[in-house]
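Let's take a friendly walk through one protein model. Have a look at the sequence and the structure below, and then read on.

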Amino acid sequence: RMWYSTSHLRISGHRTLPDLVTTTAAFALPQRVGAIADLADEVYAAAGVKVHKYTFNTDTWGTAVATLPAEATDAIRTRLGGTVYLVFAHTGGYSYTTDGSSWTDRTEDIEYLAEWDDRIWGLDNAGQLRWAFDPTGAWTNDAQLPLEDGAGKDLFVARSPDGEPVLYASTKV
């Protein structure tokens, strides 16, 4: 029985190796990486307010491909309505792209993201959960966390006790 392993133990009776960790070239910037995600075989990371693309051939993080209105808090790549989006959430809203070169900034208050039930879901600093059919559309308020502002720390999808994938909000308490 393994108690403190980095192996994946989700399937009863099976052990799979942990995710492969790959060290890349360091950023030439003093900012911390707020979020990292991939789109079309490219890796993008937000350091400070700048989004950089990783170049595999030279093992370097290139010049910024986008500037976010604020530091990134989360990122997600998702296919909605037949289109693949890369979305970086930040304290000023969120920014998205479909090709990695043209970016659109939205001011809808979203700090954490998840994809579930063929929708994109967002959680703001006040604990308001909302959803949209894609990042370009209108958002609909759903639930409100009954906690103080700033208590929400992430959104993710995991199995419920009956085995169905459901949306969860990670909080400080």
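Which residue in β7 is the bridge partner of Val-87? The partner is Tyr-96. This is a predicted model, in which local features need pLDDT of at least 70 and side-chain atom pairs count only at pLDDT 80 or more, while totals for chains, interfaces and linings use all residues. Residues are numbered from 1 along each chain as its sequence is written, and side-chain values use heavy atoms, leaving out hydrogens and water.

**The sheet**

Strands here (E, at least two residues) are DSSP runs, numbered from the N terminus. Strand β6 (residues 83-90) and strand β7 (residues 93-97) run antiparallel and are joined by 5 bridges. Two strands pair if DSSP finds at least two bridges between them. β6 and β7 belong to an open sheet of 4 strands with antiparallel pairing, in the order β5-β6-β7-β8. At the edges stand β5 (72-80) and β8 (103-106); each has a single partner strand, so one side of each is left without a neighbour in the sheet. From one strand to the next, the twist averages 20 degrees; the angles run from 0 to 180 degrees between N-to-C directions, and the axes are lines fitted to C-alpha atoms.

**Glu-108 and its contacts**

Glu-108 lies in the loop between β8 and β9. Leaving aside neighbours within four places in sequence, Glu-108 is in contact (heavy atoms within 4.5 Å) with Gly-93, Tyr-94, Arg-130 and Trp-139. Arg-130 is 22 residues away from Glu-108 along the chain, and their C-alpha atoms are separated by 10.0 Å. The side chains of Glu-108 and Arg-130 are joined by a polar contact of 3.2 Å. A polar contact is a pair of N or O atoms within 3.5 Å; within protein, one must be able to donate a hydrogen and the other to accept it, and residues adjacent in sequence count only if both atoms are side-chain atoms.

**Two aspartates with positive phi**

Most residues other than glycine have a negative phi. Asp-117, however, has a positive phi near 60 degrees, and Asp-118 has a positive phi of about 55 degrees. Asp-117 lies in the loop between β9 (112-116) and β10 (119-123), and Asp-118 lies in the loop between β9 and β10 as well.

The table lists relative accessible areas, where buried means under 20%, exposed over 50% and partly exposed in between (1.4 Å probe, protein chains only).

| Residue | Relative accessible area | Class |
|---|---|---|
| Glu-108 | 26% | partly exposed |
| Asp-117 | 43% | partly exposed |
| Asp-118 | 61% | exposed |
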